[in-house]
Amino acid sequence: MAKLTIRGNTKPIVGNMEAYSLSVFDNVMTSNSFSFPPPKVKWDIYVQDRNGWRIAKGNIKEGENVTYKFTAKSLKYKALRIEVVRGKDKGELYIKPQEAEEPKIVSVELQDINSEKLPKGKLLHYTDTIIAKAHCVGMFGYKVAFTLWEDDAIGKGHDPIVNMMNKINQVPLIGEVNHEGVAKVYFRLPVYTMAVQIANAGVAKGDKSEGKTHEYYVTAEVVAKHILKASPNVNVANPAHIPPPPKKAEPVDNTPPHRKPPVAPEHNKPKPNKPKPKEETAKYPQTPAAKKQADPEGKILNAEFTDATGKTLKNAKTGDTVSIKITSQGMRGKNVKIRIWEEDFSRYSNDLIYEVSVTLIHDTSNFINNVTLTKDMYNKSNDFGEGNEREYFIEVEHLNTSVTSQVIPISPSAEPVKVDPNDSPAIIKEPKQEKTKKEGKCFCNRDFTPDEFEKIIHGLRDSEPMVKKNIGYTLFGASNCKLKQGDKTIEKLRIELNKVFNTYEINTCIRKLHFLAQIYHETDRLKTTLEYDTNKKYKPYFGRGLMQLTWESNYIVYKDYSKIDCVKDYDSIANNFSYACDSAGWFWKQGKVLSVGKRWTGPPNPPTYVKIHKPDYPKKTISYKHGEKTIKYGTVDLGLIADDDKVDLISYLVNGGENGLVERRNYVITLKSIFNYPQECINKKQIAVVKKEKEDDNEVTLHFVGQTAKENALSDKTKKILKEVGKVSGNYDIYITSTARSSYDQARIMYDNCKTDVNEQKRIYKAPGKKVIAVYEANIKKPKSEVVKLMENKINELGPSTVSKHLANPEVLNTFDVSYDNLSNKTKFWNEMEKRPELDAILNENRCYHIQIKQK
């Protein structure tokens with residue numbers, strides 16, 4: 001075995017990038033036998049602490065030359081060494097990192113709520129959250145003050161004189177520099193209510209108006225020493241309404257411990273007893289071997305670390321920001337004390353690393369958000385997040401005293417929240433309050449309350465601004481809808497649907513939201529219970545009811561089940577509200593007529609959007625009487641498919657085609673947001689497991705859905721790029737909704753989009769497209785087929801590819817749309833796609849990413 005020689009700095013400065021390489025002689029001297037390709041050169045870092053030498057995680061590199069940047073954490077180890085291996089040859093270099101000569105803030109970075117870097121020109125809304133990160137050198141443990149400013153200075157740069165009155169947060173946010181050299185804070189824009197007034201008042205000289213956007217930046221400075229750094233600007237959309245102003249935070253002592261004057265030791269003062277967990281309190285392990293003890297009072301059911309989305313964390317380390325979720329029963333308004341303990345089995349002791357008192361706002365689920373695992377925790381537990389013998393658990397203690405707290409607004413619609421008055425970053429997040437007490441439950445196994453159901457209907461209408469503008473929150477107002485006036489209310493619909501849900505086992509959040517998504521589309525957004533076109537071949541058995549019962553054969557089956565003579569009195573399914581609702585529940589449970597058999601695995605020649613889901617569900621055989629005959633059919637309970645969250649399969653069985661497929665998907669997404677699913681659902685599916693399996697498969701699947709989505713329209717080059725981007729960004733299912741189009745398809749799509757929001761289409765399209773939209777507006781009262789034909793003619797007259805690149809030559813340019821609602825990480829997908837040199841353009845329009853890939 002030959003000894004390798006490492007060249008590089010043995011006393012690297014913390015925060016500086018250092019290069020390390022093999023000596024040129026090592027390429028000649030080797031004990032490895034000749035092979036091609038030659039063995040790889042692998043690097044790693046070892047650290048020595050009180051337990052001996054071990055590998056430092058996350059530092060494995062390959063290649064003849066590598067770089068390392070050492071953080072302040074490296075200063076605490078007894079020794080460090082870099083080790084390199086090439087086949088049988090090995091070398092090592094001992095290093096001693098040095099503190100930076102001058103503590104400094106290197107840069108300030110702005111990110112969105114998902115910790116993704118804000119791209120240049122990215123437009124934010126005042127309801128968004130900005131994460132500000134200060135990257136520092138030689139400042140481990142320092143506290144950094146962050147301030148948000150509105151920039152009125154003309155041109156590039158920030159003019160402190162011009163902007164001196166534009167400070168948004170009068171009290172700076174304080175972040176502590178972790179061992180990675182990063183201090184981080186969250187600017188929740190709805191909190192800073194003076195932002196719009198300041199931005200609209202201070203306009204730079206020479207500007208008539210700042211318009212719809214304002215530019216903001218963040219400064220960061222060390223609390224104990226004036227070291228100032230500013231971030232780049234970020235654009236924020238100017239809203240019409242601003243929430244009430246926040247109260248100032250209580251003043252805190254921002255002096256870092258190492259800057260405070262020394263205090264003479266009190267030699268005779270007895271050492272205080274080390275705190276211990278109380279014997280009678282509830283304890284919940286966060287690592288496999290940690291302490292566990294149920295709540296003696298039976299009111300605290302669980303406590304766990306979660307991320308910002310409510311997903312359970314399996315581990316956490318110093319510098320992480322986590323939430324603590326407390327699951328309880330009957331604890332609304334009660335005070336508890338939360339403690340995080342480190343259980344050290346090697347010393348048979350417990351170290352208290354975090355403690356806070358809070359008032360629980362909800363009966364069941366409460367979150368303590370933005371708990372930063374800080375340096376103090378690090379010091380108390382010695383090596384927080386490291387070592388094999390340390391385990392962590394959360395202790396919850398009931399308190400009988402009140403907690404004094406201050407109030408700050410979180411968002412325009414949120415109620416005030418209580419904040420612990422100490423220096424802890426813990427906050428109880430209070431979501432938007434409903435008028436009626438929700439009793440801390442999700443929507444599983446219970447009825448909707450009036451206020452809850454009103455919120456659901458309003459949320460669906462709010463999701464489509466043009467629909468809301470035209471009909472507001474009224475129900476069943478279409479001219480062909482003959483329901484009684486008293487039945488056309490949200491409350492009447494709530495009562496009837498609660499009956500349906502209880503009768504047909506639509507009893508979980510996921511089943512209810514999928515059912516609602518389907519009836520919302522089938523009834524044209526709850527406008528009618530009767531199909532508009534009454535000249536179909538199945539006349540007079542048109543679509544009726546909330547699920548649009550169609551065809552005489554289905555009326556016969558439902559008659560046998562319900563004993564309602566809907567075959568003779570077919571209008572009763574549309575005009576009797578109870579029948580309209582019940583028929584929908586029956587269809588959902590057992591009304592889809594299929595062949596008799598054991599399993600439903602899809603139709604013989606399934607469309608792509610069905611085939612990709614590989615359906616396989618149990619069938620049930622139903623018998624019914626028709627005259628003297630007894631007839632059998634097979635059926636599938638759509639609730640089973642809803643359990644798997646397969647909106648495309650449900651849509652196929654309800655509609656038989658692709659009509660409204662995209663809208664149905666969007667309604668499911670909207671309802672999940674309203675239901676707060678899966679975060680609040682007690683019966684939620686473990687979607688993360690499915691996602692993990694997909695990631696383990698290491699495959700990216702391209703799904704072609706929609707009338708104009710043709711797989712053969714994309715080249716192998718484009719498909720390869722999409723799969724590579726999907727893999728890097730963590731998007732393993734990419735739904736392509738449109739590719740190359742004909743002039744007719746383009747006209748038809750433009751017609752439908754204009755009907756939804758013509759002003760939005762004018763914003764999207766350039767001059768040629770606006771001329772086509774003008775044809776739509778000039779002929780809007782004519783039949784659709786006639787208007788589409790006129791629009792098609794205009795497209796051909798102007799030159800198809802001038803209107804849309806969907807009509808360009810695919811051998812030169814592949815143009816397609818990707819549904820961003822179905823992307824698991826939209827921002828990463830966008831960012832990775834932007835990096836591709838083959839990209840011609842990527843746009844965000846009509847709920848899709850419009851992408852153009854150059855072919856030559």
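These legends accompany close-up views of a predicted model. Local features need pLDDT of at least 70 and side-chain atom pairs count only at pLDDT 80 or more, while totals for chains, interfaces and linings use all residues. Residues are numbered from 1 along each chain as its sequence is written, and side-chain values use heavy atoms, with hydrogens and water left out.

**View 1. Helices α12 and α13 pack against each other.** Helices (H or I, at least four residues) and strands (E, at least two) are DSSP runs, numbered from the N terminus. Helix α12 covers residues 647–655. The axes of α12 and α13 lie 10 Å apart, at an angle of about 130°. That angle makes α12 oblique to α13. Axes are lines fitted to C-alpha atoms, for helices over the stretch in contact, and angles run from 0 to 180 degrees between N-to-C directions. Under 35 degrees counts as roughly parallel, over 145 as roughly antiparallel, 65 to 115 as roughly perpendicular and the rest as oblique. From α12, V647, D648, S651, V654 and N655 meet L661, R664, R665 and V668 of α13. Contact means heavy atoms within 4.5 Å. By class, the contact of α12 with α13 has 4 nonpolar, 2 polar and 3 charged residues. Ala, Val, Leu, Ile, Met, Phe, Trp, Tyr, Cys and Pro count as nonpolar, Asp, Glu, Lys and Arg as charged, and the others, Gly among them, as polar.

**View 2. D648 sits in helix α12.** D648 is buried, at 3% relative accessible area. Buried means under 20%, exposed over 50%, and partly exposed in between (1.4 Å probe, protein chains only). Leaving out residues up to four places away in sequence, D648 touches Y609, H613, L661, R665 and Y735.

**View 3. S323 belongs to strand β20.** The strand spans residues 321–328. S323 is buried, with a relative accessible area of 5%. Its contacts, apart from neighbours within four places in sequence, are E304, F305, T306, D307, F367, I368, N369 and N370.

**View 4. Three strands form an open sheet in the order β1-β2-β6.** Pairing is antiparallel. Strands β1 (6–7) and β6 (65–69) stand at the edges with a single partner each, so one side of each is left without a neighbour in the sheet. Strand β2 (residues 17–22) is joined to β6 by 5 bridges. Two strands pair if DSSP finds at least two bridges between them. S21 has N65 in β6 as its bridge partner.

**View 5. Two residues other than glycine, N445 and L526, have positive phi.** Most residues other than glycine have a negative phi, and most peptide bonds are trans. For N445, phi is near 55°. N445 lies in the loop between β27 (427–428) and α3 (450–462). For L526, phi is near 60°. L526 is placed in the loop between α6 and α7. N445 is exposed, at 55% relative accessible area, whereas L526 is buried, at 3%.

View 6. P540 is found in the loop between α6 (509–522) and α7 (552–562). P678 lies in the loop between α13 (661–675) and α14 (687–697).
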